[in-house]
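This report describes helix packing, salt bridges and a few individual residues.

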Amino acid sequence: MDDFIQEIRDNLIRKNYLSALALSLTLPDICGKIAYPNMKNKYGYPDIGGRYAKWYDENIYAYENLPNEKQMDPLDGKAVYKLRCLFLHAGSNDIKKFLKNESTENFSEYKFIFTDSITKISHHWIQGKEDQKTIDIQINIVDFCNKICRTAENFIKKHSKEYLFKNIIFSFSKGDDNYDL
């Protein structure tokens, strides 16, 4: 895990934001497996998305939002898991359709972007058309990646007894062709 986090931070320093984001989006997978190793879906298979979302919600989302402000920040664990799936499997960060389908609010559009400026979530309406609300979500990619890294580091420190790294991912030594699977 330390190698993953160092690699993310190195990529951020070198402004390799896509690589940093890709690796950052895998950390909740690893932590979710540690926290909920026996979590199953309705078919009896490991519930990868469920444990990802649960870990993210309990360890990140819960500390960024008041319990009754869910709609202010729609990037909960399910949304971040959807981002992870789209980004890693389709090369896309377009989670607007997912966010709109998950929302209980009436609005006309989501705008979602990663940026190198400030993170902000804003709501605005077209003048004279109060039923046509747009929600803009602007995420600072460096802050987002660092937040996931810090949270994963703290989680692993607290759960070092459950942390069986070799059962999760292979480890390797740089410059060595011998991989320990």
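## Terms and basis

Contact here means that heavy atoms lie within 4.5 Å, while helices (H or I, at least four residues) and strands (E, at least two) are DSSP runs numbered from the N terminus. The model is a predicted one, in which local features need pLDDT of at least 70 and side-chain atom pairs count only at pLDDT 80 or more, whereas totals for chains, interfaces and linings use all residues. Residues are numbered from 1 along each chain as its sequence is written, and side-chain values use heavy atoms, with hydrogens and water left out.

## Helices α3 and α7

In the contact of α3 with α7, Leu27, Pro28, Cys31, Ile34 and Ala35 of α3 meet Ile148, Cys149, Ala152, Phe155 and Ile156 of α7. By class, the residues of this contact divide into 10 nonpolar, no polar and no charged, where Ala, Val, Leu, Ile, Met, Phe, Trp, Tyr, Cys and Pro count as nonpolar, Asp, Glu, Lys and Arg as charged, and the others, Gly among them, as polar.

The axes of α3 (residues 27-35) and α7 (residues 141-158) come within 10 Å and cross at roughly 25 degrees; such axes are lines fitted to C-alpha atoms, for helices over the stretch in contact, and the angles run from 0 to 180 degrees between N-to-C directions. The two helices α3 and α7 are therefore roughly parallel to each other, given that angles under 35 degrees count as roughly parallel, over 145 as roughly antiparallel, 65 to 115 as roughly perpendicular and the rest as oblique. The crossing of α3 and α7 is left-handed, a term used if the near helix is turned anticlockwise from the far one by less than a right angle, with right-handed used if it is turned clockwise.

## Helices α4 and α5

For α4 and α5, the axes are 8 Å apart and the packing angle is about 125 degrees, which makes α4 oblique to α5. The crossing in which α4 passes α5 is right-handed.

On the α4 side the contact involves Ile48, Gly49, Tyr52, Ala53, Tyr56 and Asp57, which meet Gly77, Lys78, Val80, Tyr81 and Arg84 in α5. The contact of α4 with α5 has 6 nonpolar, 2 polar and 3 charged residues.

## Salt bridges

With a salt bridge taken as a side-chain nitrogen of Lys or Arg within 4 Å of a carboxyl oxygen of Asp or Glu, the count comes to 3 salt bridges. The side chains of Arg9 and Glu153 form one of them, at 3.1 Å from N to O, and this pair links distant parts of the chain, with Arg9 in α1 (residues 2-13) and Glu153 in α7, 144 residues apart. Arg9 counts as partly exposed at 25% relative accessibility, and Glu153 is partly exposed with a relative accessible area of 25%; buried means under 20% relative accessible area, exposed over 50% and partly exposed in between (1.4 Å probe, protein chains only).

Asp29 forms a salt bridge with Arg84, with the closest N and O atoms 2.7 Å apart, and this pair joins α3 to α5 (residues 77-90) across 55 residues. Asp29 counts as buried at 17% relative accessibility, and Arg84 counts as buried at 12%. In the salt bridge of Lys147 with Glu64 the closest N and O atoms are 2.9 Å apart; Lys147 lies in α7 and Glu64 in α4 (residues 48-64), so the pair ties together parts that are 83 residues apart in sequence. Lys147 counts as buried at 18% relative accessibility, whereas Glu64 counts as partly exposed at 38%.

## Individual residues

Trp55 has its place in α4 and counts as buried at 0% relative accessibility. Leaving aside neighbours within four places in sequence, Trp55 is in contact with Pro28, Cys31, Gly32, Ala35, Tyr36, Ile60, Thr151, Ala152 and Phe155. The C-alpha atoms of Trp55 and Ile34, which are 21 residues apart along the chain, are separated by 9.7 Å.

Lys15 is a residue other than glycine with a positive phi, near 60 degrees; Lys15 is placed in the loop between α1 and α2 (17-24) and counts as exposed at 59% relative accessibility. Thr115, by contrast, lies in strand β1 (residues 109-115) and is buried, with a relative accessible area of 15%. Beyond neighbours within four places in sequence, Thr115 is in contact with Gln138, Ile139, Asn140 and Ile141.
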